[in-house]
Amino acid sequence: MKTLVTPADLDYALNVILQDTLHDLGSLCRDLQVTPRDLLNQVAIAMARQFLAGTRDFHACDEVMNSLFSDIVDLGVREEMPEPAFSIYLAFDAGEHWHTGDTRDVLPWERWTRPELERILGALGDNQPRP
């Protein structure tokens, strides 16, 4: 099994995930010859990078992360929670709504999601968002 997916593999995975909300993660991972943990983490990191770089908007990235939520949790129940995928999911989730004290002129994803993704990627040593 390989541990990194290629950009083409990532595009293929995103197409499968977005076209079928009931996607089969096991089958997708077998097709790409990658473990579920590696795929979930790499897709999540790609969504964080693309959002931070402005190549994919918040709503598109949030849709991908919401589509992966059950896969992330299922893996976390059976094994260790996949990180940073779970933290990235939570960062996007935090941007879906206003929080107590937010005024309506605040964009929740700018106030809550962007700084958390910058922190997560920075902790990974990934300070340069890539599209």
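**Close-up views of a predicted model**

View 1. (Buried means under 20% relative accessible area, exposed means over 50%, and partly exposed is in between, using a 1.4 Å probe and protein chains only.)

A quick note on the ground rules: this is a predicted model, so local features need pLDDT of at least 70 and side-chain atom pairs count only at pLDDT 80 or more, while totals for chains, interfaces and linings use all residues. Residues are numbered from 1 along each chain as its sequence is written, and side-chain values use heavy atoms, with hydrogens and water left out.

**View 2. Helix α3, end to end.** Helix α3 covers residues 36-53, and its 18 residues should span 26 Å at 1.5 Å a residue. The end C-alpha atoms are 25 Å apart, which agrees. (The expected span is 1.5 Å times one less than the number of residues; helices are DSSP runs of H or I with at least four residues, strands are runs of E with at least two, and both are numbered from the N terminus.) Most of α3 is covered, with 13 of its 18 residues buried. Just after the helix, Gly 54 takes a positive phi of about 80°.

View 3. Glu 79 pairs with Arg 37, and their closest N and O atoms are 3.3 Å apart. Glu 79 belongs to the loop between α4 (58-78) and α5 (85-94), whereas Arg 37 is in helix α3, 42 residues apart. Both partners are partly exposed: Glu 79 at 46% relative accessibility, Arg 37 at 23%. (A salt bridge is a side-chain nitrogen of Lys or Arg within 4 Å of a carboxyl oxygen of Asp or Glu.) Side chains of opposite charge can pair when their charged atoms come close.

**View 4. Two other salt bridges.** By the same rule, the model has four salt bridges. One of them joins Arg 111 to Asp 102, at 3.1 Å from N to O. Arg 111 is partly exposed at 43% relative accessibility, but Asp 102 counts as buried at 10%. Glu 110 and Arg 114 also meet in a salt bridge, at 2.6 Å from N to O. These two are four residues apart in helix α6 (residues 108-123), so about one helical turn separates them. Glu 110 is partly exposed, at 34%.

**View 5. Pro 82 in its loop.** Look for Pro 82 in the loop between α4 and α5. Pro 82 is buried, with a relative accessible area of 0%. Leaving out residues up to four places away in sequence, it touches Arg 37, Leu 40, Asn 41, Ile 72, Leu 75 and Gly 76. (Contact means heavy atoms within 4.5 Å.)

**View 6. Thr 113 in helix α6.** Thr 113 lies in α6 and is buried, at 0% relative accessibility. A polar atom of its side chain lies 2.7 Å from the backbone oxygen of Ala 91. Residues that Thr 113 touches, not counting those up to four places away in sequence, include Phe 51, Phe 58, Phe 92 and Pro 108.

Conventions
A polar contact is a pair of N or O atoms within 3.5 Å; within protein, one must be able to donate a hydrogen and the other to accept it, and residues adjacent in sequence count only if both atoms are side-chain atoms.
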